[in-house]
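Please keep the sequence and the structure at hand while reading.

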Amino acid sequence: MEKVKIKTLNLNNLIDACFDVYQEIGFQIGEPRTILLRKIISHLECINVLLAEQFTHEILIILRSAFESMILFCYLTVYTDKQQEYISDSELMEFKNTFILVKNWKKDIELGNPWNLNWDDAIKYHEDIFYNRLSELNKKYILEKLEFNEYKVNQENFNKIDKFFKTDKRLRKPFFMDMEKMYSELPQMHQIGVGLRDLVFDDYNINSQVTHGQYYVWTRGLYTDNSFIDKVKSQLAKIVTYPLYYLKGQVNIDLKKLARLKQITDQLIINIYKHQ
């Protein structure tokens, strides 16, 4: 069946204006927050393509990820001491990913080794990551948690290491993956209080259900009609501008670039309740 195009929204101007402002911010704040601003820009570009092709559900999935980037950026801007923890926990999760390789190869070999795998190769790769790439702080953390003098994986200690990666609080749900907790710890600003709360408990909730395959959301019609476009506009305006509120007083931004971005985002803000 041919797809019927109902309404389109072009984000080129928003992307350009946002890039100009975010680039200036990035030069002043550095990593890791600059990466999150780049991630938001990348999501805007993806949404722009999906809007043109009428992929409504996928737009909501990308909006969810963009929201997560925005909340994390604001959180790290308020609690700058958390930036190193964010990097350190991310490093731990990367290390956990290599253990999952070890675990999967072990299981494949136990099931008959159809791919002719060598478990020792996976173990060596995993252990090399520990000794050559992990920070000294994370090495010490892992060894203390496991009560090991050195990090070696073998049949005898495999289950103990596996349990550590499954249950350790830093790996089970690090702070940067807990959106509601980060939101609850953000200072509430009068200018964005209601809008941010709507994003967290309404828009993010629905977008997450789409991401996880909620049956009725995926089986009922969802089209780029006026209601859908206006809700996307509202979410985009908030995601793009809220980081600027939390950065106030910390960076200098060219006023012409800022004014252009404000002019564009102001046009996105509408009364979404008119569709309810």
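Predicted model: local features only at pLDDT ≥ 70, side-chain atom pairs only at ≥ 80, totals over all residues.

The side chains of lysine 103 and aspartate 162 meet with N and O 3.1 Å apart. This pair joins distant parts of the chain: lysine 103 belongs to helix H4 (residues 82-110) and aspartate 162 to helix H7 (residues 158-167), a separation of 59 residues. Lys103 and Asp162 also take part, with Lys166, in a network of salt bridges.

Salt bridges number 14 in the model. Three of them are listed below.

| Lysine | Partner | N to O distance |
|---|---|---|
| Lysine 103 | Aspartate 162 | 3.1 Å |
| Lysine 106 | Glutamate 110 | 2.7 Å |
| Lysine 139 | Glutamate 136 | 3.2 Å |

Lysine 106 and glutamate 110 are both in helix H4, four residues apart, which is about one turn of the helix. Lysine 106 is buried, because its relative accessible area of 14% is under 20%. Lysine 139 and glutamate 136 are three residues apart in helix H6 (residues 136-146), again about one turn. Within this pair, lysine 139 is buried at a relative accessible area of 12%, whereas glutamate 136 is exposed at 59%.

The fold as a whole consists of 13 helices and zero strands. Along its principal axes, the C-alpha trace spans about 65 × 55 × 30 Å. Of the 276 residues in the protein, 47% are buried. Among contacts with a separation of 6 or more, 76% are between residues 24 or more positions apart.

In soluble globular proteins, nonpolar side chains tend to be buried together. Here the largest nonpolar core has 84 residues, and those with the most contacts inside it are Ile25, Met70, Ile142 and Tyr151. Helix H3 (residues 56-78) provides the largest share of this core, with 13 residues. Apart from neighbours within four places in sequence, isoleucine 25 is in contact with Leu37, Leu244, Leu247, Val251 and Ile253.

Two packed helices are described by the angle between their axes and the distance between the axes. For helix H2 (residues 33-53) and helix H12 (residues 226-247), the angle is about 165° and the axes are 13 Å apart. H2 is therefore roughly antiparallel to H12, since the angle is over 145 degrees. The crossing of these two helices, H2 and H12, is left-handed. On the H2 side, the residues that meet H12 are Arg33, Ile40, Leu44, Ile47 and Leu51. Their counterparts in H12 are Ile229, Leu236, Ile239, Val240 and Leu247. Leu247 is also one of the contacts of isoleucine 25.

Helix H12 also contains glutamine 235. Glutamine 235 counts as buried because its relative accessibility is 4%. Leaving aside neighbours within four places in sequence, the contacts of glutamine 235 are Leu63, Leu199, Asp203 and Asn207.

How values were computed. Residues numbered from 1 in each chain as written. Heavy atoms only, no water. Core = buried A, V, L, I, M, F, W, Y, C linked by side-chain atoms within 4.5 Å. Buried < 20%, exposed > 50% of the residue type's maximum accessible area, 1.4 Å probe, protein only. Contact = heavy atoms within 4.5 Å. Salt bridge = Lys/Arg side-chain N within 4 Å of Asp/Glu carboxyl O. Axes fitted to C-alpha atoms, helices over the stretch in contact; angles between N-to-C directions. Parallel < 35°, antiparallel > 145°, perpendicular 65-115°, else oblique. Left-handed = near helix turned anticlockwise from the far one by under 90°.
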